[in-house]
Every structure is written in C-alpha cells, then in structure tokens.
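Reader: I should like to learn how to read a structure of this kind, one feature at a time. May we look at it together?

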Amino acid sequence: MDKLKNVLSGQDGNDDLNVLQAANEASTLGWGTRVKGFVACFVSGVLCSVLGTCLLWLPRTGLTLFAVFYSLGNIASLLSTMFLMGPLKQLKRMCDKTRALATGIMITCLVLTFCAAFWWKIKGLALLFCILQFLAFTWYSLSYIPFAR
C-alpha cells in the first residue's frame with residue numbers, strides 16, 4: 001500500500017535504494033542468530049582454505065583445487081561479516097575511502113585466481129594470485145583497525 005501511495009504521489013524515483021533498504025530490513029535477524037551465522041560461515045571458510053591447502057599436494061590437479069578451495073574460503077570468510085553488520089552496511093564499508101583500493105585488489109585477485117585455474121590453466125599464476133589474494137585480504141582486514149592503516 002505504501003508503494004502504491006509513493007507511485008501515485010510521484011515519489012518513486014529511487015527504486016534501487018528502496019529495494020536495497022527493503023532487503024536489508026527484511027533480513028533483520030536477532031543478535032544470537034547473526035553470531036551463529038557468522039561463526040558457521042567463517043568456520044566453513046576456514047575449512048575450505050585448510051582443505052585447499054591439503055589438496056595442494058595432489059599430483060595432477062592439486063594446485064587447481066587449492067586455488068579454488070582457497071578462494072572459496074576467502075569468499076565465505078568475507079561473506080561471514082555480512083551476518084554481523086548486514087549486507088548493505090558491509091557493501092558500503094567495503095567501498096569506503098580507507099578500504100576501496102584493498103577491496104578492489106582483493107576482488108580482482110579472486111577473479112584472476114579463477115581465470116588462471118580454469119580458463120588459462122596456468123598453475124603457477126593461480127598460486128601467485130592466491131598469494132596476492134592473501135596479502136590483499138590481510139590489507140583489507142587491517143583497514144578495519146583504526147591505527148593499523
């Protein structure tokens with residue numbers, strides 16, 4: 001009904017923002033549920049990274065599996081923080097001045113890791129991008145600490 005009132009009064013110019021706000025409000029969770037979601041997602045990310053490290057030693061496809069599982073672990077760890085602060089606030093914080101460059105490098109390294117593993121099939125390059133991924137993720141994480149910048 002409110003949407004109909006907004007449309008009829010001519011106030012529906014920012015639909016994208018309203019959709020994001022509605023999604024953020026619809027996903028309100030209790031603090032206990034948020035912490036449980038954070039822990040579950042973070043632990044699954046760490047397990048994926050550890051599994052990827054164990055798969056590194058397989059003879060033929062080990063390096064490719066390492067790159068994939070390590071990247072998926074980083075993605076899960078990054079998504080885990082969305083449980084604590086919400087998706088909209090997380091995306092806004094990722095694009096702040098203090099961490100926009102770190103976010104860009106981290107996402108670029110994630111994409112390039114998958115490209116090197118599946119499309120280009122250059123294992124050494126995939127390993128290099130995993131190392132750069134680790135460094136960018138560390139830089140990104142440190143950007144949340146006030147005096148670590």
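Reader: Is Ser49 buried or exposed?

Author: A residue is called buried under 20% relative accessible area, exposed over 50%, and partly exposed in between, computed with a 1.4 Å probe on protein chains only. Ser49 is buried, because its relative accessible area is 14%. This is a predicted model, in which local features need pLDDT of at least 70, side-chain atom pairs count only at pLDDT 80 or more, and totals for chains, interfaces and linings use all residues. Residues are numbered from 1 along each chain as its sequence is written, and side-chain values use heavy atoms, with hydrogens and water left out.

Reader: Where is Ser49 found, and which residues does Ser49 touch?

Author: Helices (H or I, at least four residues) and strands (E, at least two) are DSSP runs, numbered from the N terminus. Ser49 is in helix H3, residues 31–55. Contact means heavy atoms within 4.5 Å. Not counting residues up to four places away in sequence, Ser49 touches Phe69, Tyr70, Gly73 and Asn74.

Reader: What is the setting of Gly73?

Author: Gly73 has its place in helix H4 and counts as buried, because its relative accessibility is 0%. Apart from residues up to four places away in sequence, Gly73 touches Gly45, Cys48 and Ser49. The C-alpha atoms of Gly73 and Val46 are separated by 5.8 Å, although these residues are 27 residues apart along the chain. Ser77 is also placed in helix H4 and counts as buried, because its relative accessibility is 10%. Leaving aside neighbours within four places in sequence, Ser77 is in contact with Phe42, Gly45, Val46 and Phe137.

Reader: How many helices and strands does the protein have?

Author: There are 7 helices and 0 strands. Of the 149 residues of the protein, 28% count as buried. Among contacts with a separation of 6 or more, 64% are accounted for by residues 24 or more positions apart.

Reader: Which residues form the largest nonpolar core?

Author: In soluble globular proteins, nonpolar side chains tend to be buried together. A nonpolar core is a set of buried Ala, Val, Leu, Ile, Met, Phe, Trp, Tyr and Cys residues joined through side-chain atoms within 4.5 Å. Here the largest one has 9 residues: Leu63, Phe66, Ala67, Tyr70, Ala116, Ala117, Ala126, Phe129 and Cys130. At least two residues of this core come from each of helix H4 (62–85), helix H6 (100–119) and helix H7 (123–142). H4 gives the most, with 4 residues. Another core, of 7 residues, lies apart from it, and includes Leu78, Met94, Met106 and Phe137.

Reader: Which residues of H7 are buried?

Author: An α-helix has 3.6 residues a turn, so residues three or four places apart point the same way. In H7 the buried residues are Ala126, Phe129, Cys130, Gln133, Ala136, Phe137 and Tyr140. They are on the same side of H7, because they cover an arc of only 135° around the axis; the arc is that of the directions from the helix axis to the C-beta atoms. What covers these buried residues of H7 includes H4, helix H5 (87–94) and H6.

Reader: How many disulfides are there?

Author: A disulfide is a pair of cysteine sulfur atoms within 2.5 Å. By this rule the count is 0. For Cys41, the nearest cysteine sulfur is that of Cys48, 9.6 Å away. Cys41 is buried, with a relative accessible area of 17%. For Cys130, the nearest cysteine sulfur is that of Cys109, 9.5 Å away; Cys130 counts as buried at 3% relative accessibility.

Reader: What is the phi of Lys121, and where is Lys121 found?

Author: Most residues other than glycine have a negative phi, and most peptide bonds are trans. Lys121 has a positive phi, near 55°. Lys121 is found in the loop between H6 and H7 and counts as exposed, because its relative accessibility is 63%.

Reader: Which element has the lowest mean pLDDT?

Author: The term pLDDT denotes the predictor's confidence in each residue, from 0 to 100. Helix H1 (residues 2–8) has the lowest mean pLDDT, 51, among the elements of the protein, and H6 has the highest, 93. The protein averages a pLDDT of 84, and 81% of the residues score at least 70. Where pLDDT is low, the predicted coordinates should not be read in detail.
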